[in-house]
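Dear colleague,

Please find below the structure that I am handing over to you. My findings follow directly after it.

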Amino acid sequence: MVAFKQLVRVLIDHARRFREELVHTGQPLPALTPGLLDEQRWQEWLRAAWDEVPPDDRLTIRDADPEDLGVHRAVSHAQASSGTAGSSGFNRLTPYLAREHDYRLRRHLAAAASGGPSVFVLLLGDSTTGKTRALYEAVFVEAPDHALLRPVDAEDLRQILTAGRATPGTVLWLNETQRYLYGPDGSTNAKDINKLLATQPGILLVGAMWRHPYFVELTAQGRPESFGPVRDLLHSRHTVRLDVPDALTTAQLDEFRALATDPAPRMRDRRLIDALEAAGGDGRVIQYLSGGPELLEAYRNRTLFTHVEHALITAALDARRLGHRQPLPGALLAEAADGYLSDRQRPTAPDWAETTLGALTRGYRNSDLFDRTDIRHTLTALVMHVSRSGTRPSFEPADYLDQQTHDDRSACLGPPALWHALITRTHDPEDLHAIGQNAERRGLFKAAANLYKNAVLAGYPYAAVSLLQLLRRHNLDPQCQAMRWLAARIDVADALNAAQALREVRHTGTPTEVVHELAERAAAHADPADPVRVARLLRELHEAGEAGSVSRLASRAVADTDPEEPAWAAILLEALSEVGEATAAAQMSPRAAAQADPGHPGDAADLLRVLHKLSQTDAVRTLARRAAAHTDAANPLVQRLLNDLHAAGESEHVRKLAARAAAHMDAKDSETVPELLRALHKLGQTDAVHSLAMRAAAHTDHSAALLRTFKVVGEPAAIEQFILRAKNHTAPENPWTVRGVIETLREAGETEAAHELADLASACVALDRPDGVTVLLRMFREIGEMQAGEQLAARAAEQVDPANHHSSQLLKELQAAGAAKAAHVLAGRIVALADPTHPDAAANVLQSLSAAGETDAFRRYAARVATRTENPSRIRVAAS
């Protein structure tokens with residue numbers, strides 16, 4: 001398909017030039033089939049033909065057009081001005097500069113492409129920062145022969161996943177990832193993708209989205225529970241999130257400049273040069289390649305668009321800002337745009353909206369190729385979206401324009417026509433709810449109520465609760481008529497949604513029979529699979545005085561809840577106890593103790609604590625035995641489990657788990673080990689304390705907290721081993737390591753050991769780093785190790801490299817330590833060998849010589865500087 005599109009562009013370009021020559025010479029123009037010179041129409045024709053190709057015949061990323069995959073086209077000002085933007089030379093990709101995120105991206109894809117575990121790599125960053133191009137380059141390098149699947153929307157992705165077309169050796173292209181995760185299919189898609197990644201190897205999912213607002217919104221806690229599977233996917237162990245910077249570093253700018261000015265004319269690319277010149281020194285050259293800043297300026301200054309075009313663009317931007325995530329129907333934009341126009345500005349032609357939207361997405365008005373609405377013949381303010389051949393198009397604002405104007409218009413309420421269009425012409429349930437929330441925040445309660453109502457009718461499960469809260473907060477339904485209507489339509493399958501709805505209707509004075517009916521439905525139909533949500537519903541039913549519903553839901557929960565997750569089982573058991581369902585709790589306890597996964601010690605501790613609180617002795621003993629034998633003894637939360645076992649009187653299992661923790665805990669963890677040692681000591685586990693202390697003393701690097709803990713728990717052998725290891729294994733040539741170990745020994749009160757190490761280091765420390773020697777000398781001076789300091793000072797004065805710029809700092813320290821003789825020796829060597837040509841370094845040396853009182857050395861070095869440096873005045877200023 002890419003070859004066809006390139007051929008079409010070349011033919012259109014030649015045809016346009018030929019027609020221009022005919023016009024210039026006054027010759028008649030031949031009649032042409034409508035759309036024959038319109039690249040957008042050709043893309044629609046090709047897409048329609050391509051849709052008829054069987055899926056198995058689809059090719060790889062080698063054959064995909066980068067533009068079809070979402071890669072922004074780049075064009076230079078010269079090409080746009082000369083009218084050659086449609087030529088094949090323009091359409092080739094610019095040379096690519098790989099950055100740190102590119103290398104990490106390719107490493108993850110390479111592992112999956114070679115048959116390893118499947119992976120979902122998600123690039124996060126601002127608009128037009130190179131996210132999609134990075135994905136294209138990475139897949140082209142690492143998986144050029146893998147089958148490529150590119151769903152057009154969330155529904156198409158669901159069909160691909162349901163049909164099992166994503167198999168090992170497949171690349172699933174999810175650019176603009178948020179499109180596949182919002183809407184009614186988003187939650188299902190997220191669940192299926194997570195399952196696919198976990199069960200099949202060798203599948204590459206690649207995606208990109210803005211971090212703000214999309215990623216933040218989709219992963220925020222407290223969002224509707226339908227986002228739960230989406231959060232799980234985006235934070236899954238199979239998902240790798242990589243940030244794409246919005247600007248190049250100084251070093252990357254140099255590399256980019258080298259690409260732009262390649263000595264070989266064939267490789268030189270004017271587009272890169274233009275981007276560098278436009279960006280100045282701020283590093284945002286990637287944005288300028290696609291023309292994003294120019295489009296933003298044209299929109300803000302109204303220099304490119306007519307009043308009607310500007311109104312349609314603004315309507316699209318405002319609708320997106322207010323929560324309409326799906327592509328925007330043309331009818332919605334037409335109705336909304338009317339509110340941004342005055343009486344004189346409003347068009348009269350019946351097809352004004354269709355004509356203007358076509359001009360904005362095509363890049364030129366009517367048939368005049370020179371009357372442009374785009375930037376450099378490339379970037380349009382609106383993008384057409386056609387989900388299926390033969391369907392009406394919808395539209396989206398250019399992503400750079402959308403992102404950059406978001407803050408500009410955040411305080412804009414929007415005209416009534418916009419809100420009316422959003423209420424009557426938005427059909428996606430999730431969008432209706434999101435727009436309703438924005439209307440409520442802006443005090444448009446009537447609009448919010450209508451949007452929430454439409455979301456309820458469209459099947460969004462959490463809209464009813466939002467509408468109930470709106471009505472209660474602002475006393476909009478004093479007769480409870482709307483409450484009755486809503487109570488009958490609340491989706492009670494989600495126990496948490498049912499609980500929230502029940503709380504709302506109770507607090508609004510809704511008649512008792514309505515509350516009772518809702519409680520009965522919730523108890524009978526709430527999904528018992530999630531113990532946490534069921535626990536919340538049980539408490540709400542109990543507070544509502546619906547004892548019968550409490551008992552029915554408790555019975556269903558005990559029968560159907562899978563207790564494998566111990567923390568969830570603990571929450572449900574505690575709720576059953578609180579609402580008076582002791583019998584149900586007693587029935588569930590043995591099953592939870594026998595079936596809960598004890599692998600995580602913190603979760604096992606939660607369940608054990610609840611079982612002990614409920615006096616379920618047999619269940620406590622069962623879980624204690626399983627947890628002591630099978631929990632992750634290397635997890636720091638094992639301390640909690642040990643304490644709860646002790647509180648439950650399971651002393652034998654405390655001993656077993658203590659021995660396992662002492663043997664398996666990471667002995668190098670200088671934070672966890674001291675805490676665990678103290679916990680074991682408090683529990684009287686002497687053998688475990690000794691075992692863990694000796695392991696830690698043999699493997700942990702210098703840690704004052706660990707050494708103090710050895711003293712607290714009474715482990716002299718561990719103290720002795722720790723000190724011996726510090727003496728024998730500390731590299732005395734490394735000044736920073738020596739300083740750390742000496743500080744640790746002194747902090748723990750082991751001054752004699754610290755003194756011995758100081759003497760050793762003064763004779764052995766490496767002198768190739770004057771800054772490290774300075775640090776060590778300063779410490780010796782501060783802790784009173786005068787002999788070690790004198791020995792090190794004498795060695796340093798004679799052996800450090802005086803040309804090293806850190807030598808001047810060493811000279812200052814020698815003077816501060818009172819090592820006058822050593823300072824004098826070093827000063828003489830600096831005068832003879834330090835570089836006098838660099839102004840800043842020379843000024844630093846002069847300052848050090850002056851501070852050390854080395855007057856003669858100062859004069860001699862100043863004389864060298866005066867005859868060697870190019871800018872002595874700068875040195876005089878710095879030295880002063």
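The structure, which is a predicted model, holds 41 salt bridges. One of them joins the side chains of Asp402 and Arg320, with an N to O distance of 3.9 Å. This pair links distant parts of the chain: Asp402 belongs to helix H19 (residues 399–405) and Arg320 to helix H16 (residues 307–321), and the two are 82 residues apart. Asp402 and Arg320 are both buried.

A further salt bridge connects Glu543 with Arg503, whose closest N and O atoms are 3.6 Å apart. Glu543 lies in helix H27 (residues 531–543) and Arg503 in helix H25 (residues 495–507), so the bridge ties together parts of the chain that are 40 residues apart in sequence. Glu543 has a relative accessible area of 48% and is therefore partly exposed; Arg503, at 28%, also counts as partly exposed.

The side chains of Glu813 and Arg778 likewise meet in a salt bridge, at 3.6 Å from N to O. Here the link runs between helix H43 (residues 807–816), which contains Glu813, and helix H41 (residues 770–783), which contains Arg778; the two residues are 35 apart. Glu813 is buried because its relative accessible area is 4%, under the 20% cut-off. Arg778, by contrast, has a value of 34% and is partly exposed. Elsewhere, salt bridges with shared partners join Arg503, Arg506, Arg536, Glu540 and Glu543 into one network.

I turn next to the surface charge. Where does negative charge gather on the surface? A patch of this kind is formed by Asp562, Glu564, Glu565 and Asp597. Of these, Asp597 sits in the loop between helix H30 (582–595) and helix H31 (601–613), and its relative accessible area of 42% makes it partly exposed.

Glu565 also has a partner in space. Asp603, a residue of helix H31, is 38 residues from Glu565 in sequence, yet their C-alpha atoms are 7.9 Å apart. Beyond its neighbours within four places in sequence, Asp603 is in contact with Glu565, Pro566 and Ala567.

Helix H31 also takes part in the packing around helix H33. In H33 (residues 638–647), the buried residues are Val638, Gln639, Leu641, Leu642, Asp644 and Leu645. They pack against H31, helix H32 (617–630), helix H34 (651–664) and helix H35 (672–682). After H33 comes Gly649, which has a positive phi, near 80°.

With kind regards

Conventions. Residues are numbered from 1 along each chain as its sequence is written. This is a predicted model: local features need pLDDT of at least 70, side-chain atom pairs count only at pLDDT 80 or more; totals for chains, interfaces and linings use all residues. Side-chain values use heavy atoms; hydrogens and water are left out. Patches are made of residues with over 30% relative accessible area and no salt bridge: like charges are joined within 9 Å, nonpolar side chains (Val, Leu, Ile, Met, Phe, Trp, Tyr) within 5 Å. Accessible areas come from the Shrake-Rupley method with a 1.4 Å probe; for residues, only the protein chains shown count as cover. A salt bridge is a side-chain nitrogen of Lys or Arg within 4 Å of a carboxyl oxygen of Asp or Glu. Lys and Arg count as positive and Asp and Glu as negative; His and the chain ends are not counted. The place of a charge is taken as NZ of Lys, CZ of Arg, CG of Asp or CD of Glu. Helices (H or I, at least four residues) and strands (E, at least two) are DSSP runs, numbered from the N terminus. Buried means under 20% relative accessible area, exposed over 50%, partly exposed in between (1.4 Å probe, protein chains only). Contact means heavy atoms within 4.5 Å.
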